[in-house]
Amino acid sequence: MDKPPFFEGVFSVLRPRPLIDVAEWAERKRILPASGSSSPGPWRNSRTPYLVEIMKELSPQSKAKEIVFIKGSQIGATESATNFLLYRMDTLPGSFLYVMPTESDAMKLSKQRLTPSIEAIESLRSRLQKRIGNSLTEKVFPGGYVVLSGSNSPSALASLPIGNAICDEIDRYGVILGEGDPLELVRARLATFPNSKLFCLSTPTLEETSNIWRLYKESDQRVYMVQCPYCNHASDNEGYFEIKMELIQWTKGKYDDVMLHCPHCGVGIEEHKKPQMLAGGKWVAQNPGHWRVGFSLSSLYSPLGWLSWRAIARKFDEAGNDPERLQTFTNTILGLPWKETGESISQEYLARRVEKYNAQVPNEVLQITMAVDVQKTRLEYEVCGWARDEECYGIEYGRIEGPTTELDSGDPDFPSVWKQLDDLRRKDFIREDGYVMRISCVMIDSGGIDATTDTVYNYTLPRERERVFAIKGSSQASRPILNKPSRNTRNRCALFVIGVDRAKELIYARLKIDEFGPGYCHFPSDGAAGYTAQYFAGLICERRMIKYVNGYKKLFWWKPRDARNEPLDLRVYNTNAVKFLNPNWDVLEKRYAKPVKVDAAPAAKTTTYTRRPEGIDLNITI
Ligand SMILES: [Zn+2]
């Protein structure tokens, strides 16, 4: 025997299974309240015909368990969610969870959308009013209740089982640390109900991190196809096409000729033909047969009188080449995820710029710094030469292999990595013109591995007079690159906290400079210097992206899983070192302008290269 779900069994009077679905119910009963609606009054499916199939999948008559909607703005998507909720309250009461990115979003939803919508429908208003305990985030009615929650409230998401749920604006959800993905918590609550439904909808954000895009990709991927009013034949299924931005054409700065151009006959279709096209449209699955149902719709389908093609064309022109505005346009109008390209640099581009130095240290170099990254079983380091205005010359990138926790190995035949580091950082670097140069400052990361933090402190403290310092990265976005060092509490050694985000921004900006001069980054082609394909892969592996954490926008540096970003970290520390030294370039240039003493000059060179980028083979592997 079939048992009714818990709440229906306990609270509700027995009622027959409703014969109508969500779309039919909306047409009969839904009233759009005057507040917050662009077309108040009775709901008409003819206005947004594409929502009908979505609402049908949200109905008990459909077997779909998860329905996903990736969308642009002003197409009525959130109203389809409201219809789903009100339909359940009115016809099949039970437990319902509505999750917004934050608690305050949930309060706003309740106040501005839900409460007025309930009050506009007589049968719902009268039943809700009699109940005590109705608040902004909880609505109890005969046979059930609705909980409105923020994705950042794990307790609300993890309590009672629920029959149906809506996860709205899921690309703005943050991850609840230690509690798992909010979406997983919601799914766990739905698991006890065999006929449960989960409706996820959102405007997408970044392709790499977008929740809604990931869900849509793992669905049957339905897109809404329409027919051209000029060349279609009613019985012909061939003529259907998707309304895409590429098909919208206009004269820049003049928007009265905005038209949709039919991909078949090429005729320009005026916007007033849109209602006819929408009415005759149909959803077509691009990945048919997948168990999850997915819908994708851009604002180009926005009904007449809401958001026009004309307004969209104008927005597109206004965005110009500004990546931030283009991202907003792509996400909110096209309903597509944004692929971040602005902050990434191709490995090929950098590898092509590798050049032959005439000596290990070119004549332009006026100061040398060193950065050290501490791993469990090795030190990684980079030696950088600096010319006027922080034009940078990569000199040496390498590793010292061995355990890093002990300063002294106790074995003179196998000196510790730290002893080897002493030798390395004290060695002479011979400039092209014969000048002998030494490393002026060394920055060593103390924050990488817990076990080595004290080792680093104990190494740097007695060497501070040689300008050997411990550093620690801070991802606090507003922190400047160089900060005044503090004395740590363990052994009172100097500790520099580096504003890593800003440093990475600066380094990426400089890597894009393609003319020798201030800020330019040179890399030597000499294989012994260590600037291999792997080095460049590590240097450019991170990307600056925007993420929503608990509903708030946050810029962050994103590193692909398993990527080795030590080359970038080392550049960050070297940049901190040169900023700390704050060299007086005029004085240094004068000092090195004098010819070097004859006895210190190296043997005459046999070849002199004209320095220019020559590139390296990207297939080098070690
Ligand atoms: Zn046509």
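Reader: Which residues in helix H8 (residues 182–190) are buried?

Author: Two cautions come before the answer. This is a predicted model, in which local features need pLDDT of at least 70 and side-chain atom pairs count only at pLDDT 80 or more, while totals for chains, interfaces and linings use all residues. Residues are numbered from 1 along each chain as its sequence is written. Helices (H or I, at least four residues) and strands (E, at least two) are DSSP runs, numbered from the N terminus. A residue is buried if 20 or more other C-beta atoms lie within 10 Å of its own, exposed if 12 or fewer, and partly exposed in between, with C-beta atoms placed from the backbone. In H8, the buried residues are Pro182, Leu183, Val186, Arg189 and Leu190.

Reader: Which residues are buried in helix H14 (residues 417–425), and what covers them?

Author: The buried residues of H14 are Val417, Trp418, Leu421 and Arg425. They cover an arc of only 95° around the axis, which puts them on the same side of H14. Their cover includes strands S16 (367–374), S17 (378–387), S18 (391–401) and S21 (441–445), together with helix H15.

Reader: How should I read the angle at which helix H2 (residues 22–29) and helix H3 (residues 50–57) pack?

Author: Axes are lines fitted to C-alpha atoms, for helices over the stretch in contact, and angles run from 0 to 180 degrees between N-to-C directions. Angles under 35 degrees count as roughly parallel, over 145 as roughly antiparallel, 65 to 115 as roughly perpendicular and the rest as oblique. H2 and H3 pack at an angle of about 120°, with their axes 7 Å apart, and they are therefore oblique to each other. The contact is made by Val22, Ala23 and Ala26 of H2 with Val52, Met55 and Lys56 of H3. These residues divide into five nonpolar, no polar and one charged, given that Ala, Val, Leu, Ile, Met, Phe, Trp, Tyr, Cys and Pro count as nonpolar, Asp, Glu, Lys and Arg as charged, and the others, Gly among them, as polar.

Reader: Where does Arg467 lie, and is this residue buried or partly exposed?

Author: Arg467 lies in the loop between helix H15 (450–460) and strand S22 (468–474). With 18 C-beta neighbours inside 10 Å, Arg467 counts as partly exposed. Its phi is near 55°, a positive value in a residue other than glycine. Arg492, in the loop between strand S23 (486–487) and strand S24 (494–499), has a positive phi of about 65° although it is not a glycine. With 11 C-beta neighbours inside 10 Å, Arg492 counts as exposed.

Reader: How many helices and strands does the chain have?

Author: The secondary structure comes to 19 helices and 27 strands, and buried residues make up 39% of the 622 residues in the chain.

How values were computed:
Two residues are in contact if their C-beta atoms, placed from the backbone, lie within 7 Å. The arc is that of the directions from the helix axis to the C-beta atoms.
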